[in-house]
Amino acid sequence: MSKFHDYIKDVFNWNEEMKRFLESEDVEKDAELWVKLDKFSGVIEKLDGQLDIEELNALQSRVDELHNDVEQYFSRRQPVGHIYINEPFIPAGGHSLPPLPYGYDSLEPYIAEEIMRLHHTKHHQSYVDGLNRAEEMLKKARQDGDFKLVKHWSRELAFHGSGHYLHTIFWNNMSPSGGGKPSGALLGEIEKYFGSFEQFKKHFSEAAKQVEGVGWAILVWSPRSRHLEILQSERHMLLTQWDTIPILALDVWEHAYYLQYKNNRADYVNNWWNIVNWKDAEERFQKASQLKWKPF
């Protein structure tokens with residue numbers, strides 16, 4: 001029962017976070033998005049017992065729908081060729097830990113609650129803190145004209161910044177109702193470049209299993225070559241291929257799986273496919289693929 005209440009608390013906090021975000025953006029109180037969030041608050045407040053798997057999936061689908069509504073709302077408010085006057089801007093040192101779009105136990109049995117809680121609240125938080133610290137110190141260096149430690153803080157900026165951004169992608173790349181395979185344009189591009197979805201999946205899995213030390217397997221879109229590609233990244237930023245946009249990212253640092261899978265990274269990678277959020281990957285691909293540079 002405690003897991004259920006923790007999940008409901010996480011969902012409620014997420015909904016309140018979205019409301020605070022709308023307030024910070026001066027979104028009119030009678031906007032459709034406010035109405036949906038208020039209705040969802042009412043649904044959450046009335047929950048007083050354990051949900052079965054079907055009801056839980058329905059609740060998660062509603063969370064996903066609201067998340068998409070928020071993105072689409074602000075996308076519509078930014079006309080092509082113009083910048084919305086209140087477009088969010090993060091000042092140096094102003095990053096914060098994003099809320100998970102699901103409960104800490106929602107990805108079980110594939111990823112344990114304990115891992116998700118530690119991974120999000122401890123490890124991801126440390127990257128946010130490190131990124132803020134690096135930005136603040138580089139800002140101070142600019143103000144003081146003292147760049148003796150610019151090499152150190154630039155490294156910290158790359159490491160913690162990449163850790164923060166990749167983890168933010170990673171959380172949304174997963175869903176309790178995930179798995180299967182993509183559809184539409186993303187599936188077409190995968191089949192076009194990798195031959196088939198099965199060949200892509202095998203390639204991505206092996207890339208993840210064979211990352212040296214700690215790091216990531218990442219599906220990216222390359223605006224220059226105009227095709228998808230699979231990369232490995234050691235730590236968060238080594239082996240990066242610049243001018244590419246991440247679409248799907250799998251964390252294979254030991255803290256992402258060791259408490260549950262011990263040193264068996266392969267089982268973690270194989271099970272991860274059951275929770276891939278292809279809807280999120282498809283949306284990222286749709287936006288990324290619009291960017292195309294002159295091919296060379």
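**View 1. The salt bridge between Glu206 and Lys209.** In this predicted model, Glu206 pairs with Lys209 in a salt bridge whose closest N and O atoms are 3.7 Å apart. The two residues are three apart in helix α7, so about one helical turn separates them. Lys209 has a relative accessible area of 25% and is therefore partly exposed. Salt bridges with shared partners link Lys209, Glu206 and Lys202 into one network.

**View 2. The salt bridge between Glu206 and Lys202.** Here the side chains of Glu206 and Lys202 meet at an N to O distance of 3.3 Å. Both residues belong to helix α7, which spans residues 197-209. They lie four residues apart, about one turn of the helix. Glu206 counts as partly exposed because its relative accessibility is 25%, a value that falls between the limits of 20% and 50%. Lys202, in contrast, has a relative accessible area of 53% and is exposed, the limit for that class being over 50%.

**View 3. The salt bridge between Asp146 and Lys148.** The closest N and O atoms of Asp146 and Lys148 are 2.7 Å apart. Asp146 has a relative accessibility of 36% and so counts as partly exposed. Lys148 counts as exposed, since its relative accessibility is 67%. In general, side chains of opposite charge can pair when their charged atoms come close. The count of salt bridges in the model comes to six; the pair Asp146 and Lys148 is one of these.

**View 4. The second largest pocket and the residues at its centre.** The second largest pocket holds about 390 Å³ of space. Its lining consists of 19 residues, and those closest to the pocket centre are Ser162, Leu166, His236, Thr240 and Pro246. By residue class, the lining divides into ten nonpolar, eight polar and one charged.

**View 5. Helix and strands in the lining of the second largest pocket.** Three elements, α5 (150-172), β1 (215-222) and β2 (227-234), each give two or more residues to the lining of the second largest pocket. Helix α5 gives the most, with five residues.

Note on methods. Residues numbered from 1 in each chain as written. Predicted model: local features only at pLDDT ≥ 70, side-chain atom pairs only at ≥ 80, totals over all residues. Heavy atoms only, no water. 1 Å grid on protein atoms, 1.4 Å probe; cavity = no way out; pocket = protein on both sides within 12 Å on 5 of 7 lines; lining within 4 Å. Points joined across faces, edges and corners; volume = space filled by probe spheres on them. Nonpolar A, V, L, I, M, F, W, Y, C, P; charged D, E, K, R; others polar. Salt bridge = Lys/Arg side-chain N within 4 Å of Asp/Glu carboxyl O. Buried < 20%, exposed > 50% of the residue type's maximum accessible area, 1.4 Å probe, protein only.
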